[in-house]
Amino acid sequence: MQTIGFIGVGALADYTIRGIRRGGYTAPVLLSPRNREKAERLAGSCDCIIEPDNQSVVSKSDYVVIATRPPDCLETLANLEFKANQTLISVVAGIDVEQLRSAVPDGLKIVRAMPVSSAEVNASPTLIYPDDEFTRKFFSFCGTSIVTDSEAYFNQGSVLACVYCWFFSLYQALIEANQGPRLPAKLSAELVMGMAKGAAELALAERDTDPGAIARSIATEGTFSKLGLDLLEAEAAFEPWREACRLLQKQLAAAD
Ligand SMILES: NC(=O)c1ccc[n+]([C@@H]2O[C@H](COP(=O)([O-])OP(=O)(O)OC[C@H]3O[C@@H](n4cnc5c(N)ncnc54)[C@H](OP(=O)(O)O)[C@@H]3O)[C@@H](O)[C@H]2O)c1
């Protein structure tokens, strides 16, 4: 049984570990002790072991997940001693393999992964670069592993881990726009999320068709769907989304 250890027990470690345990992952999970409160909660609810320090996590693990915030990542790694047969899994956004390599011994296997918080309900589409059998299987316990053999694709794909967050704000705006005397907030929320899930599932099932083409096939002449879509397009409602993606692309471009 392989042992995995987390250095940095914050939001990402929390949702990922809760997700993999919920998904049936049973092998040992070790935790760094900083952020004691969260580590203790995970130890109690998700059968994890809190180690006395970072080095002891590394020494006892086959796979080490570095899950600190980006500015802490390289310094934290540089203070650790790895063995040649270990694998480092970095979930840190914006720090590429070359930068990670500068902080760890030559020859250490390095994999990047980008799980999002839907991992906790086993629904994270987790981008992985490069392919690694254990990493792929591990993140399959909290969703779907999506492997790429290009780090440029990984960096560009990481933008979508942020788009994931913006979807929640869009849902909130749509819930508020529809709730009122004629639709209770709870029902509005259930319908907004249900429609979003249904649209995503149909688009995934019809991968060969552009989602834009699916929209046009629904919003035909004279429909209410077209009335609303025409207004959104006339107001260039999708342009700020494209702009926000471009902003993040620029920030992550340095890692290409
Ligand atoms: N959260 C997300 O939705 C998400 C999604 C994709 C990727 N990521 C990536 O995941 C990483 C972690 O994000 P997060 O949201 O989990 O951040 P977080 O909640 O701030 O957790 C990071 C944790 O690392 C700890 N830490 C810092 N230096 C450490 C060290 N030397 N040794 C041990 N622990 C140390 C921090 O402790 P202190 O608070 O005491 O400093 C904190 O508890 C980031 O690099 C981010 O880019 C996050």
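**View 1. The ligand sits in the second largest pocket of this predicted model.** A molecule sits in a pocket if more than half of its atoms lie within 2 Å of the pocket's grid points. A pocket is found on a 1 Å grid over the protein atoms alone, as an open set of points with protein on both sides within 12 Å along at least five of seven lines; lining residues have an atom within 4 Å of a point. Helix 1 (11–22) and helix 4 (70–78) are the elements that give two or more residues to the shell around the ligand. Helices (H or I, at least four residues) and strands (E, at least two) are DSSP runs, numbered from the N terminus.

This is a predicted model, in which local features need pLDDT of at least 70 and side-chain atom pairs count only at pLDDT 80 or more, while totals for chains, interfaces and linings use all residues. Residues are numbered from 1 along each chain as its sequence is written, and side-chain values use heavy atoms, with hydrogens and water left out.

**View 2. The lining of the second largest pocket comprises 35 residues.** Ala67, Thr68, Arg69, Pro70 and Val92 lie nearest the pocket's centre. Helix 4 gives the most to this lining, with 5 residues. Helix 7 (151–178) and helix 11 (239–253) each supply at least two residues as well. By type, the lining divides into 20 nonpolar, 11 polar and 4 charged residues. Here Ala, Val, Leu, Ile, Met, Phe, Trp, Tyr, Cys and Pro count as nonpolar, Asp, Glu, Lys and Arg as charged, and the others, Gly among them, as polar.

**View 3. The ligand is surrounded by 21 residues.** The closest are Leu12, Arg34, Asn54, Thr68 and Arg69. This shell holds 11 nonpolar, 7 polar and 3 charged residues.

View 4. A ligand oxygen is 2.5 Å from an N or O atom in the side chain of Arg69. A ligand nitrogen is 2.9 Å from an N or O atom in the side chain of Asn54. At Leu12, a polar backbone atom is 2.8 Å from an oxygen of the ligand.

**View 5. The peptide bond from Tyr129 to Pro130 is cis.** Its omega is near -15°. Pro130 belongs to the loop between strand 7 (124–129) and helix 6 (133–140).

**View 6. Asn35 has a positive phi.** The angle is about 65°, although Asn35 is not a glycine. Asn35 lies in the loop that runs between strand 2 (29–31) and helix 2 (36–46).

Technical notes. Near = heavy atom within 4 Å. Polar contact = N/O pair within 3.5 Å; in protein donor to acceptor, adjacent residues only side chain to side chain. 1 Å grid on protein atoms, 1.4 Å probe; cavity = no way out; pocket = protein on both sides within 12 Å on 5 of 7 lines; lining within 4 Å.
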